[in-house]
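Welcome, and please open the structure in your viewer. We will go from stop to stop, selecting a few residues each time.

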Amino acid sequence: MLVGSLPLDPQGRTWARLDGPAGSEVWLIGRPPGTGAGWHDHGGSHGAFATAAGALTEQSLAARLPTQGWKTLELTEGVDRERKLTPGQGRCFGEHHVHQVLNESQSTHAISVHAYYPPLPLMRRYSRTGGALRLEQVERPEEWQ
Ligand SMILES: [Fe+2]
């Protein structure tokens, strides 16, 4: 599937899963203006993503969080990072990466391309209040395919 053929919905995210090289999985995600998908990790997979259209903001934590055995965690000061990714710009990340990706534009849809290896076994979703990160939900692949 070409990036340009991903259906876009002003009301919500759209996505398509592709088989990536070497057993990886690839997702195209359409992100309406003014939306974010919330804080999450990738269940221990390594990943990379890039902006294909529009512009994205990634907020992430420069801290290695334990992946299990906690429900709320108080983040230390200074761990927040933010980067803007314009078309063609991306980043890769390791197995403990926690982030959220935002389309802060008020008018322009954004599309991102993501690759994960191994394919996502699960995603943990977090809420955040100030420095407190709280595990809210564990999603399994059958919920997003
Ligand atoms: Fe992610």
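Start by selecting Arg-128 and Asp-80: they form a salt bridge, with the closest N and O atoms 2.6 Å apart. A salt bridge here is a side-chain nitrogen of Lys or Arg within 4 Å of a carboxyl oxygen of Asp or Glu. Arg-128 sits in strand β12 and Asp-80 in strand β8 (residues 80-85), so this pair links distant parts of the chain, 48 residues apart. Strands (E, at least two residues) are DSSP runs, numbered from the N terminus.

A word on the model: it is predicted, local features need pLDDT of at least 70, side-chain atom pairs count only at pLDDT 80 or more, and totals for chains, interfaces and linings use all residues. Residues are numbered from 1 along each chain as its sequence is written, and side-chain values use heavy atoms, leaving out hydrogens and water.

Next, select Asp-41 and Arg-124, another salt bridge, whose closest N and O atoms are 2.9 Å apart. Asp-41 is in the loop between β4 (39-40) and β5, while Arg-124 belongs to strand β12 (residues 123-129). Asp-41 counts as buried because its relative accessibility is 4%; buried means under 20% relative accessible area, exposed over 50%, partly exposed in between (1.4 Å probe, protein chains only).

Now move to Arg-91 and Glu-58, which also form a salt bridge. Arg-91 lies in strand β9 and Glu-58 in strand β6 (residues 56-61), so the pair ties together parts 33 residues apart in sequence. Both Arg-91 and Glu-58 are buried.

Finally, select Arg-17, Asp-19 and Glu-25 to see a network of salt bridges.

Terms used
Helix = DSSP H or I, 4+ residues; strand = E, 2+ residues; numbered from the N terminus.
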